[in-house]
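Work through the following exercises with the sequence and the structure in view, and try each task before reading its solution.

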Amino acid sequence: MFGLRLSLVRLAWMGAFTWALTSNARSPSCETTERLTLKNGIEVVLSVDPAAATVAVVSSVHAGSRHDPPGYEGLAHFVEHLTFRKAVSFASPLELYAEAGATGVNGTTSRDTTNYVAVVPASQLERALWIEARRLGAGLDLVDEESAILERNVVLREHLLRIEGPIETGLNAIVKALFPVGHPYQSVADSRGSIGRLALSDARNFFAQYYRPERVRLALVGNFDVAHAKQLIDRHWAGLKASNGGAPYTAAMECSWAKRTQLPSVPRLVVRSRLMNEHMEFYWPVGSGEDVERERGIFSVFARRLSEAAEELGVAHGLSAGLGELELSDYWRLSLDIFPGQALDNAEPLVRATLEELQGASLEAGILSAERQAFERSEHLASIRPLDRALQLVRRECVPSACVDAAQYLTPSAFVGLSRFDPGRALIVEWRHHRKAPDDGAVEELP
């Protein structure tokens with residue numbers, strides 16, 4: 001049952017890190033929203049969309065896989081699963097949300113956080129707020145040992161599906177290349193052994209330590225009355241208290257590694273497996289002092305031009321590009337899916353050619369105006385889905401970006417800055433098909 005709650009994002013990325021790959025979604029610090037903090041420390045973000053018929057509710061706990069104790073990797077994920085269990089005299093959140101007509105009900109564990117999400121009819125907002133408050137207030141005290149064992153087996157099955165295969169092998173190699181030794185994201189990935197030793201007592205201890213009010217951020221996005229929502233939040237959330245045993249917490253404790261990223265330790269990885277879909281990826285770390293808001297516009301233009309060129313030449317399709325947003329480090333990522341029968345080696349020259357063409361182009365006012373309009377349209381599209389916006393608003397930022405209008409930087413001089421996305425400054429990852437690969441997912445580091 002719980003396996004069905006896995007999102008595509010988790011299936012692709014959860015073993016390494018969760019990417020928020022939206023090309024133009026702006027920093028949460030740039031959103032025009034109302035923010036407040038309850039007396040117990042819970043942070044609340046409210047964003048009204050009168051055109052919506054629903055409300056997206058996201059309850060985010062500042063605890064993810066990088067908080068797993070050594071030897072107990074997978075514990076944060078295990079706790080997430082247990083909070084969905086039906087307990088003694090308590091219906092499960094899934095059952096309660098089904099009664100409320102909710103959609104998109106899910107839980108996701110990333111490196112940094114654990115998010116609980118649901119989209120409910122506007123009339124069911126109080127029901128959703130009560131369900132999420134009960135999840136935090138009841139904790140795991142009513143979960144029994146039998147349920148914990150069953151759920152641990154579900155977590156183990158998910159692990160075997162997504163971890164012990166070529167995708168996860170490659171992603172673990174990417175993590176090692178992108179982050180310096182000792183970085184929190186370099187923590188050991190969960191394994192059969194670490195999951196197998198997880199006990200209900202471990203989960204309860206983790207919950208007590210991390211599921212504290214001051215580590216929780218609640219976001220509501222959609223059609224609701226702000227004054228009424230505040231009354232409901234005060235009714236169901238203001239009385240929540242921390243379990244015994246948790247340590248005091250301040251956000252500054254989490255940020256010592258923020259933006260300390262350097263260039264990748266290796267310039268190229270080759271992942272050989274029996275996967276049929278070959279593709280090439282480029283990763284550019286965001287360093288200290290860099291303002292990604294100023295780069296969004298030119299990166300968007302670059303990605304769109306590259307996608308058009310790849311389709312026209314029949315080299316690749318399905319280009320995806322955007323900012324990988326993590327709490328401690330951000331990354332630009334670009335991925336090209338190669339057409340069957342085309343050589344993977346054609347991808348990198350195409351990226352370089354597109355980059356050089358844009359840098360050397362004579363960008364007339366009309367062209368730049370069209371680019372600005374296209375960028376602004378994509379900005380708008382990225383903002384109209386309440387759930388996407390809510391997930392963006394609960395994201396923590398150790399170093400918030402400056403709030404600027406990225407479209408205004410689409411000028412001829414700005415495109416000189418595209419050298420920032422030179423493949424020579426990136427970690428390049430080649431995912432190559434090998435029909436008889438003896439070790440499916442074998443990774444080779446190239447100088």
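**Exercise 1.** Which residue is the bridge partner of Val-45 in β6?

Solution. Begin with the strands themselves: in this predicted model, strand β2 (residues 43–48) pairs with β6 in the parallel sense, over six bridges. Within β6, the residue that partners Val-45 is Ala-219.

**Exercise 2.** Write down the order of the strands in the open sheet, and then name the edge strands.

Solution. The six strands of the open sheet follow the order β1-β2-β6-β3-β5-β4, with mixed pairing. The edge strands are β1 (34–37) and β4 (103–109), each of which pairs on one side only. From one strand to the next, the twist averages 10°.

**Exercise 3.** Why is strand β3 described as largely enclosed by the rest of the structure?

Solution. A residue counts as buried when its relative accessible area is under 20%. Seven of the eight residues of β3 (residues 54–61) are buried, and therefore the strand is largely enclosed by the rest of the structure.

**Exercise 4.** Which strands does helix α2 lie across, and which does helix α9 lie across?

Solution. Helix α2 (residues 75–82) lies across β4 and β5, running at about 150° to β4. Helix α9 (residues 226–236) lies across β1, β2 and β6, and runs at about 155° to β2.

Notes: Residues numbered from 1 in each chain as written. Predicted model: local features only at pLDDT ≥ 70, side-chain atom pairs only at ≥ 80, totals over all residues. Heavy atoms only, no water. Buried < 20%, exposed > 50% of the residue type's maximum accessible area, 1.4 Å probe, protein only. Helix = DSSP H or I, 4+ residues; strand = E, 2+ residues; numbered from the N terminus. Pairing = 2+ DSSP bridges. Axes fitted to C-alpha atoms, helices over the stretch in contact; angles between N-to-C directions. Contact = heavy atoms within 4.5 Å.
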